[in-house]
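Visitor: I have just opened this model and would like to learn how to read it. Could you walk me through it?

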Amino acid sequence: MSKIPTIDLSRLHESESDWGDLVQDFRNTMPEMGVVYLLNHGIDLELLDRVLKTSEGNLFNLPKEVKKAYAKTNALKDFSGFTGRGEEILNDDPATTYEVKECYDVNVATPKFPAEAPEFTSSAQELLEAFEDLKTKVFKLLAKALEVDEDFILNSSTYLEGSGSPNFTLFRVLKYPKVPDVRDVPKGAIRCAEHCDWDVLTFLYQDSTGGLQVKTKEGEWIDAEPVPNSILLNAGEILEVWTRGYIPAVKHKVLLTEEETLSKKDRYSLAFFTFPDDSFVMEPMAKTAMITNDYEYISITVGEHVAAHVANSRAYA
Ligand SMILES: O=C(O)CCC(=O)C(=O)O
Ligand SMILES: [Fe+2]
């Protein structure tokens, strides 16, 4: 049976000349399924858990009226804020009727936090910086693994330089509320519907509940069980286009089963989605030793790509 590969990132925190086999490790693992577990990623585990804890105790516990005041109201303009239970579905398969989840999004270029959730805000701000740092290093690793100019990848998003250019890079905190009785949710409900992420790479930290599955190239669904201290790295659709399918976007979903441990307990996760600027045109990189395929694509901007997905995700109805 297939198994999600693991990469030990210890050497990523040394100078680039000491990365050694790391580039080859990345090249050997990431193209397999478009998903790997990152170990020794350098993000403080205490900080990750503090963000989970404060999202549970502080953010998602805010009164309804406060959540409403910070709701995402204009799906195409307002990328920070709350999405309520049942308000978003990540695919248009009619069999999937409802997602039992709520989430809070922080657009990294224009971050907004609820003033009423100070503990969450301060820990999340700290974590955002840590994710940015990890992202920059992993993007350099990606460039080396693909043998492409790292400036192409690093300069695709300019919000850190304060360019003011719209950019969809997003930190999302997810709560999947427990379902004590499945008869209380619509038939066909799931925690998170089958989808590929729309971005370049996603960093995902999940609590110990489980339920996440990824699809292999052979079409088999396998568990992406929580591995202590790890962060899951998923390839998104932009990376698939960039690499002409060499690194495929990975399909994934979060199940809602009747199993005690899965659905009778709230599940929390944190996702950091990385995007080029909205104006960036999404098209394959020039062929290299790695990137060899012909690849069919429609030339659109990242902003158009995101807008099409938002419209299809039946969000904010
Ligand atoms: O909660 C999870 O583990 C996955 C969430 C996810 O795939 C997403 O929000 O795109
Ligand atoms: Fe996802």
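Guide: Gladly! A polar contact is a pair of N or O atoms within 3.5 Å. In this predicted model, an oxygen atom of ligand 1 is 2.8 Å from an N or O atom in the side chain of Arg267. Tyr176 has a polar side-chain atom 2.6 Å from an oxygen atom of ligand 1, and for Asp197 the distance from a side-chain N or O atom to a ligand 1 oxygen is 3.2 Å.

Visitor: How much of the accessible area of ligand 1 does the protein cover?

Guide: On its own, ligand 1 has 290 Å² of accessible area, and the protein covers 98% of that. The space that ligand 1 takes is the largest cavity.

Visitor: Which elements give two or more residues to the shell around ligand 1?

Guide: They are strand E6 (170-176), E13 and strand E14 (267-273). E14 gives the most, with three residues. Among the residues surrounding ligand 1 are Leu174, Val254, Ser269 and Phe273.

Visitor: Now the metal. Which residues coordinate the iron ion (ligand 2)?

Guide: For a metal, look for its donor atoms. Here they come from His195 (NE2), Asp197 (OD) and His252 (NE2), at 2.1 Å. Along the sequence, these donor residues follow the spacing H-x1-D-x54-H. Asp197 and His252 link distant parts of the chain, 55 residues apart: Asp197 sits in the loop between strand E8 (192-195) and strand E9 (201-206), while His252 belongs to strand E13 (residues 252-254).

Visitor: Are Asp197 and His252 buried or exposed?

Guide: Buried means under 20% relative accessible area. Both Asp197 and His252 are buried.

Note on methods. Residues are numbered from 1 along each chain as its sequence is written. Chains are lettered from A and ligands numbered from 1 in the order in which they are written. This is a predicted model: local features need pLDDT of at least 70, side-chain atom pairs count only at pLDDT 80 or more; totals for chains, interfaces and linings use all residues. Side-chain values use heavy atoms; hydrogens and water are left out. Donors are N, O and S atoms within 2.8 Å of the metal (3.2 Å for Na, K and Ca); water is not among the atoms, so sites may look incomplete. Helices (H or I, at least four residues) and strands (E, at least two) are DSSP runs, numbered from the N terminus. Buried means under 20% relative accessible area, exposed over 50%, partly exposed in between (1.4 Å probe, protein chains only). A residue is near a molecule or strand if one of its heavy atoms lies within 4 Å of it. A polar contact is a pair of N or O atoms within 3.5 Å; within protein, one must be able to donate a hydrogen and the other to accept it, and residues adjacent in sequence count only if both atoms are side-chain atoms. Accessible areas come from the Shrake-Rupley method with a 1.4 Å probe; for residues, only the protein chains shown count as cover. On a 1 Å grid over the protein atoms alone, a cavity is a set of points where a 1.4 Å probe fits but cannot get out, and a pocket is an open set with protein on both sides within 12 Å along at least five of seven lines; lining residues have an atom within 4 Å of a point. A molecule sits in a cavity or pocket if more than half of its atoms lie within 2 Å of its grid points.
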